[in-house]
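Try each task yourself before reading the solution.

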Protein chains: 2
Amino acid sequence: MEVTRKNYKDSLNTVYSAIEEADFLAIDGEFSGISDGPNVSALTNGLDTPEERYTKLKKHSMDFLLFQFGLCTFKYDQAKSKYITKPFNFYIFPKPFNRTSPDIKFICQSSSIDFLASQGFDFNKVFCHGIPYLNQDEEAQLREQTEERRNQHANGGGTPSYISPSSSKSPANVPEEHKDFINRVIEKVEALFSNSEKTLDLEPCTGFQRKLIYQTLNWKFPKGLHVETVETEKKERYIQVIKVDEEERKRREQQKLEREQEELNDAVGFSRVIHAISKSGKLVVGHNMLLDVMHTIHQFYCSLPEKSPPFTINFFFYSFLCVKWVIYLFYLLTCRLLDTKLMASTQPFKELITNTSLAELEKQLKDTPFKSPQVETAAGFPSYDTAQEQLHEAGYDAYITGLCFISMANYLGSFLTPPKAYISARSKLIEPFFNKLFLMRIIDIPYLNITGPDLQPKRDHVLYVTFPKEWKTSDLYQLFSAFGNIQVSWVDDTSAFVSLSQTDQVQIAMNTSRYAESYRIQTYAEYVQGKQLEKEKLGQTVKSWGEDGWVKSHYASSTTSSGFGKRSISPVQGEQGSGEPLIADGWSHYSYPDSTGSKKMKTDGVCKRMRTFPAAA
Amino acid sequence: MEVTRKNYKDSLNTVYSAIEEADFLAIDGEFSGISDGPNVSALTNGLDTPEERYTKLKKHSMDFLLFQFGLCTFKYDQAKSKYITKPFNFYIFPKPFNRTSPDIKFICQSSSIDFLASQGFDFNKVFCHGIPYLNQDEEAQLREQTEERRNQHANGGGTPSYISPSSSKSPANVPEEHKDFINRVIEKVEALFSNSEKTLDLEPCTGFQRKLIYQTLNWKFPKGLHVETVETEKKERYIQVIKVDEEERKRREQQKLEREQEELNDAVGFSRVIHAISKSGKLVVGHNMLLDVMHTIHQFYCSLPEKSPPFTINFFFYSFLCVKWVIYLFYLLTCRLLDTKLMASTQPFKELITNTSLAELEKQLKDTPFKSPQVETAAGFPSYDTAQEQLHEAGYDAYITGLCFISMANYLGSFLTPPKAYISARSKLIEPFFNKLFLMRIIDIPYLNITGPDLQPKRDHVLYVTFPKEWKTSDLYQLFSAFGNIQVSWVDDTSAFVSLSQTDQVQIAMNTSRYAESYRIQTYAEYVQGKQLEKEKLGQTVKSWGEDGWVKSHYASSTTSSGFGKRSISPVQGEQGSGEPLIADGWSHYSYPDSTGSKKMKTDGVCKRMRTFPAAA
């Protein structure tokens, strides 16, 4: 079901009840861009820590707009032995709801926009009919404003807070240049009382003048009037004064109150759907969902934090929670997230699935040993046909993400004795996959763990190499050609991580590089230590520059992940040594996602210097 | 005529000849937003200097996208005694033209997008079919890349610059892990020579591998082959090897060259129209056109400068040119700009025109003493009907801007003896309006002067007041209530300019404020001096921080306008004293545009402190 501003209010109950009855929910988002900073290969370095990746995404991806949100609810029908689905495709746009509401600015990335355009994305639906939304701060602020205006306008109410103490006793603090204007208003209202008219429309005026009018009329005519601000077709605002008895006054006040409440709910808009999802406590399934989750929190809850959490938690949890406590918060609300890309990259699926992109995964999960899930679209919902791919429409992507989850969950049932064909979203079999969000293109850490410490693989076969900016990947291959296979992960134009195949080669490389002039090699441990020192130094400089917003925003991200320096101590996973981390749960021999991305060649431009190490013994 | 990526190439000659034959051109742009920083009232302070305004717009408006460009050409037909118009409405979008092309990010402002949506703007046309463009740097870079690739691919050419010296002698520097791959390619090509096939399609591979293939084949088979990169439908790139004799090889190379040249022109895209406009030297008319001109330069020429110009100019011109030399450059190219909003706000029009917004101006210029211009749309162009307003479509806005110019220009002819009904775009009568761009909401400087020093009105009746952030406009009215009429121009949350009606009140205010605790008053001269000192201090700090890009970009704007401090000396206009500047040309008694904007009330929120000056003597 397509939901825009036009049918949003009418659809809301349908959405609520679909969430309420569901066994699990699948979600997907479409954004106006991916990265406003480095290119994707720098954004996703193969040796990022989970914290670093989170910080980079937070810094470089949150200013884009999530402008299409797909939600597909799945409810298992025992009688039919199939899932009944209700897919929704929401168009989202932060239309300012009045003159004082936040005027959101968002970034568009040409390549992303062009990609969506090529997929037939309807931008007019987003910009002309997108559903508005407010995050929690904005909502609170709006409620406060409404409350304040209500106090201010209430006939015969207490002293409104906006009026200065002196003015509540008399309207004498009308500025000189407005006195004539206000006196004319008083005359007109007095005339209203003595004539047969019921209603008086004053001329359009400024907000300040309207405030003066409310203040004066409240003081001068505490009874018998209902005063209200009305907008002309040309959006000019004027005050309407109506002669009323006490009963009518109350009725009109009540109507006004209800209208305001409805306007407020309209402004909160799409965020209400997100609140309903999080309150439902249902399993939420997504494919490669880290960015979706971060955007959802950022746009509909609150800004993602740059600092450590404001609550006290035990030290063990501290290092991994500090930068992702809001995701943790989201987890607390939703209870369970499941990433189908991570699931497909993990045993027992890893061996069977060659390509974990959503479209390919969906296809592969139709064939043996998997089974196409039995699903049926609920009556009244347009049904998707997976043969006619509608990829990158968020509603469709959410739908096939749900299908993938069902196929994989059911496959786990084949290992039981006796085998079970249907595994529910509440089964213990899928618990090992909960709350682990797939990390793109990290060589040795497959996921960001929301409810436990992150994996900390040993990186003692990794070198950090700095070199002139003319160097390309081929120069690095050349330099290390004596060491056999290496893996290069670019950090920036003049540095990269080089993973050697054997740890004992590290010392040889370090020894040889002592005499090098144009490049420099550090071990991973030295690199981490250096970064920590740099951070401390920067922290001091920032302090001496004071509390300027821009200084903070530039550096805060690098001063946050205070657990980072402790990484090399690696108390938990480091012990296991193999570099391939193990965790203590059923299907947990997690494998490394393929790292094609980080191998990407930097091939253009001039490449003149070639250096080689002497062959290793 | 609507022009998108689909019909752009076919329309280009029509556009060129319309520009070439025109008497004058009218332009208009639609943007994805206005300000990414302060709200509009802070962006347009009523007492900005032209330099400050330019710097603010540059800093806060250039990251939006100009995504619709209107051009309307006007050619006078003597026989018909009317103008023949050719209106064009271009949709613009920076679609990346290949994988290495710039991936432009631009900001959208919700209120602007929402406004355009309400006017029926078609965003799908922009994002799906917008014409791409390159600025001059990007174009140069692309030409260089193409040249480089050409050298690299040229069979039997000299040593391509990308190949390291050693490799030109032998293909031995193929990295170890690619050797098998390259050897297989050689085998296949050798087989091609001995079989009856003409063409060999290699498997898709990476850019680096393609480079190795070109390099190896150039070296191993200097003759008899044409080698080319081809793209599959799935956008995978592979190399096609074709057996050819020398004649065919040359023909194919020539074809490839032409194709590349055409691709290059396609990438330069819409910028070619702007180049044609600027080369034409025609009068370019716009309405409130400062932002249009800045965006046009920024998007299709080069980044607007933050620093003083790289060329030496005489000192007199230095102070006003330093921050706007690129606009000056544009002026040099186009020769003449004319802003109809400035024209309408100036004598003799000022007295006759009550509202200078484009839509209202167009209506007023149809009535006496003005005359509706005689125009006719050229054959083959869809004609606009001013009765059915299509405001905020750039093509339509450009069209009615041109109409406004014609009406006003012809009106000037009524002052001649004998009166003339038609005044051409080349008439001396309109020269006083050349190259003066309207400045929104500045109290005492109506325009930015491109070809002369800016106006420097005396501001000795102006006070700079700082106060707690709770203060509102009404507090300031209260504070100065003894002085009669004042004008408040907000600078930020805690400061504002207050213009008194009489200069001799300044000393009274200064004396009284000595004992104030919560607020502080400075004269305008003191304020300017303080800012200059602050700038010098900041300049030193920036220096000590070195040449980091982000430091530069944050501060450069405040260190540029070096003429600013000299402002209060006011050698040229200051002499005339009245505060209402005069310039030496025919219609030059320029008046102040209305300053409603800067008077805007800051009325919301709590307002508790009220202070009053003792009444002035």
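Here come some notes on the model, then the exercises.

This is a predicted model, where local features need pLDDT of at least 70 and side-chain atom pairs count only at pLDDT 80 or more, while totals for chains, interfaces and linings use all residues. Residues are numbered from 1 along each chain as its sequence is written, chains are lettered from A and ligands numbered from 1 in the order in which they are written, and side-chain values use heavy atoms, with hydrogens and water left out.

**Exercise 1.** Find the domains of chain A, then describe how domain 1 of chain A meets domain 2 of chain A.

Step 1: Look up the bounds, which come from an automatic or database domain assignment. Domain 1 covers 2-133 + 270-310 + 318-438, domain 2 covers 176-267 and domain 3 covers 462-536.

Step 2: Check the contact (heavy atoms within 4.5 Å). Six residues of domain 1 of chain A and six residues of domain 2 of chain A take part.

Step 3: Look at the buried area (accessible area, 1.4 Å probe, that two parts lose on being put together, summed over both). For these two domains of chain A that's about 570 Å², with 42% of it on carbon and sulfur atoms. On the domain 1 side, Lys9(A), Arg99(A) and Arg272(A) supply 66% of the area buried against domain 2, more than any other three residues.

**Exercise 2.** Work out which charged residues pair up across that contact.

Step 1: Use the rule for a salt bridge: a side-chain nitrogen of Lys or Arg within 4 Å of a carboxyl oxygen of Asp or Glu. Domain 1 of chain A and domain 2 of chain A have two of them between them.

Step 2: Pick out a pair. Lys9(A) and Asp266(A) meet at 3.1 Å, N to O.

Step 3: Widen the view. Lys9(A) and Asp266(A) also belong to a salt-bridge network with Glu262(A).

**Exercise 3.** Explain what the salt bridge between Glu52(A) and Lys531(A) ties together.

Step 1: Get the distance. Their side chains come to 3.2 Å, N to O.

Step 2: Glu52(A) sits in helix H3 (residues 50-61) and Lys531(A) in helix H19 (residues 524-544), so the pair links parts of chain A that are 479 residues apart in sequence. Helices here are DSSP runs of H or I with at least four residues, numbered from the N terminus.

Step 3: Ask how open they are, with buried under 20% relative accessible area, exposed over 50% and partly exposed in between (1.4 Å probe, protein chains only). Glu52(A) is buried at 14%, and Lys531(A) is partly exposed at 31%.

Technical notes
Helices (H or I, at least four residues) and strands (E, at least two) are DSSP runs, numbered from the N terminus.
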